[in-house]
Each structure stands twice: as C-alpha cells, then as structure tokens.
Amino acid sequence: MAITPHAQSDAEAGRTALRDVRVFDGRELSPPRTVVIDGGVIGTDASGARVVEAGGAVLLPGLIDAHIHLYDRDSLRRLRDHGVTTGLDMATWSLELLASLRGIPGLTDIRSAGTAALGPGGQHAKFPGVPADAIVLDPEQARRFVDTRVAEGSDYLKIVAEAPGQGGPDQSVLDALTAAAHAHGRKVVVHATNTDAYSMARAAGADLITHAPLDRPLSAEEAAAVAAEGRVVIPTLTMMEGVAAATGRSFAAATGSVAALHRAGVPILAGTDANSQPGVPFQVAHGESLHHELELLVAAGLSTLDALRAATVLPARHFGLDDRGAIEPGLRADLVLVDGDPLADIRATRAVRTVWCGGVEHSPT
Ligand SMILES: [Zn+2]
C-alpha cells in the first residue's frame, strides 16, 4: 500500500513504544524489550512514539476466546476489558446484530458462524428466537443451509450434534453439511457433549469439535484417533463445569477427555461458551470466563505454556487468522499487558493492566 504524507503523519500520531516489557513469544518470556504499536499494527520504528514505561510487566498477544455467543456491544466491552481481543461466535441468530458488531474500532474483533444447524428435536431447537431454517432435516436441505450461510458471510459452519435418538441432525445430514461447507472452503465446528455425538462429528469429518463429553472420558485409543484425524477440540470446560453441576453429570468425564486428547497431541483451544441466553443450563460471563477456562485447562493437565497457546497462537492458526495470535511486526496490535508471570501462575492473566484492540488502547478501571 502506498503511504501518502497524510497517512504517514497519522501513523506517527498513533505510535506508542511499550518500554521494558517481557514478551510472550509463544514459547517463553523474552528479556525486557520495547514493542512498538504503529497505528493498528505492531511496528518496528519507535521514532516519535509516545513512550509507556511498563516496568517489566508481561505483554501477551490479545487473547482469543474460541467459543462465544453475542448479544450486544456490552458483550464486546466485557471481552475487551478482560483482554479478549478476538471472539469466535458459535451461533448468533440475528444477521443485523452480527453486522452491527463486526469491525468496531477499539472493541473485540469477531468472527461468526451466524445461524447454527440444528436437528428437529434437540434442546437448542427450543431456544427462543431460533429461525426456522436452522432446523435441517435432510441432505438436500443441508446443502441449501450451507449456501445460505456462505451468502450471509458466515466465517465457518457450526452444527449441533446430539447422540442418536436425542433429536439432533442424523448422520447423513451431518455428512452433507460438512461436505458442503468444505466445498465452500469453510471449516466445520461441531457441538458434541457426549461420546456418541463425538463419534458422529468424527464420522462427518468435523474440523473442530466443541465441548467435552459428560458421559465418560474419551479413551486413550479414541483420543489417539482424534489426533490422527487432524481434528482440533474446543472443550469449553467452563460450560461443562456449569452443566455438570446443574444436571448431576460428570465434570470429571470432561476433564478426563481433555487430558486424554492433550496427551494424544490434539490441539486444544480455549473457549468458554460465554452466553446470556435464556433457557440454557448455564450462563457464562463474557471475558472473565476465559481466565477461568485457562485455569481449568491447567487443572486438566495442560502446562501454563499450552494454556496460553490455547488462547493465542493455536486459535489463530486453526481459524486461519494469520494477522494475529503472536507479537510480531506487521501483525494486528492486539495486545494485553498483565502484571505477574502467567507461565509461573496462570492466574496472572487476570491482572489486566492495559488492552489494545487493533492498536486502540484501553485501561480497564
Ligand atoms: Zn455455544
């Protein structure tokens, strides 16, 4: 892009040098150094920059919550205030709402599945506000469903699978939805909260499976197969913990599955299922919940390093967000400055001092 004199002076006006930060580079913390924010991206030239003395605080890439739902601008503000600079929406019914929440300067940046595909009888089909075309009954309807979502601008496809007999889409519909999404170059995220639904998601060719089984932990053999198939899991332990407590099912099954998947080498992404949906078993607060999720992932057996990667570099990689997830020149200036060392104690991510969304600075009060 050609830089006009006018644009250049604007960039200089928006240049900030963060001095004395220890940078999480995806592996470890750097020695204290300077990071330049140049307009909306990470820069290299500190000349003319406003200097912020960070006093050795830790700079993380902006956190990514890989499973949220959206309601209003306040959901974005709460995400941002807790250092979540990217939110991956896994079903929002109103296109007008979604359009109004995309690309707002200084707030959390979103991607969305738009309308999720449901079977005729599952719990999700009974949520208020679910549009009729979310219910997919046969393979032909599945292809139309995907065509419509692609035309609407869905970034990926979301399908809610249920165990056989539980009212979800049958296997032929899951297969057709997945094949059609792949033909359009879209990734497929399948909701599965039990091992039978996990099996259906795998048979359909899901790229990502979200939630963790509450009936029993996945075996080492099953986890190894998920790894060999190249699938990615967003376990949403925060949601599974809440659902298990509300319904008397086993949270240990969920954490046991995460441990098995992680040991098998399956990429695990941090996602919370943040929602304020009436009628769901458990509501999850936007923003704060991601820090709880990181703590639950560590309790389930991830290292603090793997937990941080689960909320930064890995979701960026697996959702094709090439412009974020790390702190490198040219990438979006999505950053979180925290007190304390989250590699030593994951709870340090909660001590958010300052957040930058696309270079726009915000200090939560
Ligand atoms: Zn969800």
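1. The donor residues of the zinc ion follow the pattern H-x1-H-x203-D in sequence. Donors here are N, O and S atoms within 2.8 Å of the metal (3.2 Å for Na, K and Ca), and since water is not among the atoms, sites may look incomplete. His69 sits in the loop between strand E6 (63-68) and helix H2 (73-81), and Asp273 in the loop between helix H9 (251-264) and helix H10 (288-299), so this pair ties together parts that are 204 residues apart in sequence. Helices (H or I, at least four residues) and strands (E, at least two) are DSSP runs, numbered from the N terminus.

2. Basis of the model. This is a predicted model, in which local features need pLDDT of at least 70 and side-chain atom pairs count only at pLDDT 80 or more, while totals for chains, interfaces and linings use all residues. Residues are numbered from 1 along each chain as its sequence is written, and side-chain values use heavy atoms, with hydrogens and water left out.

3. Zinc site, donors. The protein donors are His67 (NE2), His69 (NE2) and Asp273 (OD), at 2.0 to 2.1 Å from the zinc ion. His69 and Asp273 are both buried, where buried means under 20% relative accessible area, exposed over 50%, and partly exposed in between (1.4 Å probe, protein chains only).

4. Positive phi values. Most residues other than glycine have a negative phi. Asp273, one of the zinc donors, has a positive phi near 70 degrees; its relative accessibility of 7% counts as buried. Asp20 also has a positive phi, near 65 degrees. Asp20 belongs to strand E1 (residues 15-23) and is partly exposed, at 28% relative accessible area.

5. Helix H6. Seven of the ten residues of H6 (residues 195-204) are buried, so this helix is largely enclosed by the rest of the structure. The buried positions are Thr195, Ala197, Tyr198, Met200, Ala201, Arg202 and Ala204. They pack against helix H5 (171-183), strand E10 (188-191), strand E11 (208-210), helix H7 (220-228), strand E12 (232-234) and H9. Contact means heavy atoms within 4.5 Å.

6. Ala333. This residue lies in the loop between helix H12 (313-318) and strand E13 (335-338). Ala333 is buried, with a relative accessible area of 0%. Not counting residues up to four places away in sequence, Ala333 touches Ile37, Gly40, Val41, Ile42, Trp356, Cys357, Gly358 and Gly359.

7. Overall fold. The chain has twelve helices and 15 strands. For 365 residues a compact globule would have a radius of gyration near 21 Å, and the chain agrees with its 21 Å; the radius is taken over C-alpha atoms, and the globule rule is 2.2 Å times the number of residues to the power 0.38. Along the principal axes, the C-alpha atoms fill a box of roughly 65 × 40 × 35 Å. Of the contacts with a separation of 6 or more, 65% are between residues 24 or more positions apart. Buried residues make up 54% of the 365.

8. Surface. The accessible surface comes to about 14,000 Å², with 53% of that belonging to carbon and sulfur atoms. Areas come from the Shrake-Rupley method with a 1.4 Å probe, and for residues only the protein chains shown count as cover.
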